[in-house]
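Colleague: I am new to reading protein models. Could you walk me through one, feature by feature?

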Amino acid sequence: MDRIKSPSNIYLIIVTIIGCISFVIYDSFQFDTSSKMVFKFAFIGAILLLNHYTIPIPPEGNSTSMDSAIYMAGIFLYGLDFTLDILLVTSIINAVYQRKIAWWKHLFNFALYSLMMTLSYQVYSLSGGSFNKIDTNNLLPYLISLSAYFLINVILIGVYFYLLHKEKINTVFIGMLKDKSFLVSYVTTLLLSIVCGILFDREAYFGLFLFICIAILLSVAFNQHFQLFQATLDKANKDFLTGLNNHGYFKEILEKEVAVAKEADMPLSVVLLDIDDFKKYNDLYGHIQGDQLLQEFGTLLKNESEEENYTVARYGGEEFSILMPNTKRQSALSFMNELRKKANDTYYKGVEGLPYRCLSFSAGIAECEKETYSISELLNKADQAMYAAKDQGKNLVKIYNEHSEYSIQRSLALEKELEEAEQQLKIFLSKDVYTYRHSKRVYQYAVDFSRILHLTDHERKTLILGALIHDIGKIEIPRDILNKKGKLEPHEWEMMKKHVTWGKEIISTNKKLDDLIPLVELHHERFDGKGYPYGLAGKSIPKLARILCVIDSFDAMTTERPYQKTKTFKEAIVELRTCSGKQFDPQFVEPFIELIKQLDSLGEELEDISATVNS
């Protein structure tokens, strides 16, 4: 209903109604056995043939056909009633033949032709035009009528594009009229109506045959010219390396789409994404292979986005952008997480040298709102969200949230402890970048989750610091086990499990970190007693360790690691709920899922998941 109420759609409805009324008033629809009947069928056949050879004209999406020349010749020779009969039959045949085109577009096109023919006929009659033959001694009525036909078309189409794109009205008309290909093709078509009339008047069917040959050849020539023009335009708007839209053209499209979305009150989301560790990839393999990676990744983005009618651009360097019309932030998040998983799971040459041993990216999403002042503001929000994803450990998609504190340290009295803990973490985990980034993400989740739980200040501080260093014991695990692809052998898994006790030993050397020992040592205990290292169950596991278990598991499931494929957010949430009461304390599962809803606006999507799990 909201779409119907948009100005452009209301305009289409009004023009369609007026055009259909004019047809009913001026056409008696007579098919008899007179000689004119044969002429009608000849004209109908000619128009149907020429409709295969349309000429594209600006604005984008508009086109003209040489059929206008035959329609106008019909008016000059046999009047309006004769020509409207032809219009009706050809419109019905085209609607049946082109069934994939929406019915309302066929109806609007029919109404548009009816209006142009009716008004140009009236002008022709009032200016003293004669019927049944072309009077070359008095060309003024023809020129006035053709000018009226041209102006009516330009005005009706121009107003529609003005209402659709909300550009200045003079900008729309100037854009149409200053294009020489548009003017030449249209004026040629209209002048050919006189040529068609003369040929048919003098040589009947042979004259019509000659005209069709001329019209088809001209249509082909115009198309070649337009394609050459379009190819030149594409070069200016495309990125030479990836073939995607370039930065400047993307911002032009975004400006128009934002105007449309705000006017029609439709959702629109924008994504900025950046390939993780691309500089390291270039340093390892050189810029030529780096360019190859950009091309292949660009192809992945284009193929996945085209299915959803999204617009993709290379925003600069290893940064890309995606414009998602009619898409809410929840759907954008779902699409981007699926895309992130696909990028993780697709092999690209040399990615084994990257920290995650796969291609990953960090992305930020911003949704256009009524209050959005400019595209710069929208892009800046997406940029902030993207860098929040980077800061949280990379290989993540984040939605911009004005309530998020992207630099949470400023809001807590933990700056010194956090800085010291992170420096320790960087030193200890210098050989394992994955674990460092995982710890950073778990830390951020802990910051956010601690806000909505009923924790004391001391508990909150302990949870946040414990989340940051909970995997510090992995420094003792050999690199080949940490980075092994595929399932771990039993003895390797036993060694991996020892990281919790090794982590306890490391932090026990610092008395200031004693409160963190339960989180480091017990975050892999399970609520049902099947965890490690001690097999504790239920509330015998410290509360903060039970909380950390939920957070740690969610991030581990949704982020690529050498021995485990990524789950989407939807899959991970299903897993959390499935394991509630088994691996996880039920009292923290749903609050954590609610947190994900708040942070990433997964609301509607998660409700669907809930219904599926409960059924």
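The dialogue below takes up the chain, its helix packing, its salt bridges and its cysteines.

Modeller: Two ground rules come before the features. This is a predicted model, so local features need pLDDT of at least 70 and side-chain atom pairs count only at pLDDT 80 or more, while totals for chains, interfaces and linings use all residues. Residues are numbered from 1 along each chain as its sequence is written, and side-chain values use heavy atoms, with hydrogens and water left out.

Colleague: How many helices and strands does the chain have?

Modeller: Helices (H or I, at least four residues) and strands (E, at least two) are DSSP runs, numbered from the N terminus. This chain has 24 helices and seven strands.

Colleague: What share of the residues is buried?

Modeller: Buried means under 20% relative accessible area, exposed over 50%, and partly exposed in between, with a 1.4 Å probe and protein chains only. Of the 615 residues in the chain, 52% are buried.

Colleague: And what about contacts between residues at least 6 apart in sequence?

Modeller: A contact means heavy atoms within 4.5 Å. Among those contacts, 71% join residues at least 24 apart.

Colleague: How do I read a pair of packed helices?

Modeller: Two packed helices are described by the angle between their axes and the distance between the axes. Axes are lines fitted to C-alpha atoms, for helices over the stretch in contact, and angles run from 0 to 180 degrees between N-to-C directions. Take helix α1 (residues 7–26) and helix α5 (residues 103–126): their angle is about 55°, and their axes are 8 Å apart. That makes α1 oblique to α5. The classes are roughly parallel under 35 degrees, roughly antiparallel over 145, roughly perpendicular from 65 to 115, and oblique for the rest.

Colleague: Which hand does the crossing of α1 and α5 have?

Modeller: A crossing is left-handed if the near helix is turned anticlockwise from the far one by less than a right angle, and right-handed if clockwise. Here α1 passes α5 in a left-handed crossing. The α1 residues that meet α5 include L12, V15, F23 and Y26. On the α5 side, W104, L107 and F108 are among them.

Colleague: Now salt bridges. How many does the structure hold?

Modeller: A salt bridge is a side-chain nitrogen of Lys or Arg within 4 Å of a carboxyl oxygen of Asp or Glu. The structure holds 21. In one of them, K342 meets E304 at 2.8 Å, N to O. This pair links distant parts of the chain: K342 is in helix α12 (residues 329–345), E304 is in helix α11 (residues 287–306), and they are 38 residues apart. K342 is partly exposed at 39%, whereas E304 is buried at 17%.

Colleague: Where do D345 and K341 lie?

Modeller: Both lie in helix α12, four residues apart, about one turn of the helix.

Colleague: Are D585 and R546 buried or exposed?

Modeller: D585 is buried at 4%, and R546 is buried at 9%. Their salt bridge has its closest N and O atoms 2.5 Å apart. D274, D276 and K390 are linked in a network of salt bridges.

Colleague: Last, how many disulfides are there?

Modeller: A disulfide is a pair of cysteine sulfur atoms within 2.5 Å. By this rule the count is zero. C579 is in no disulfide, and the nearest cysteine sulfur, that of C549, is 9.6 Å away. C579 is buried, with a relative accessible area of 12%.
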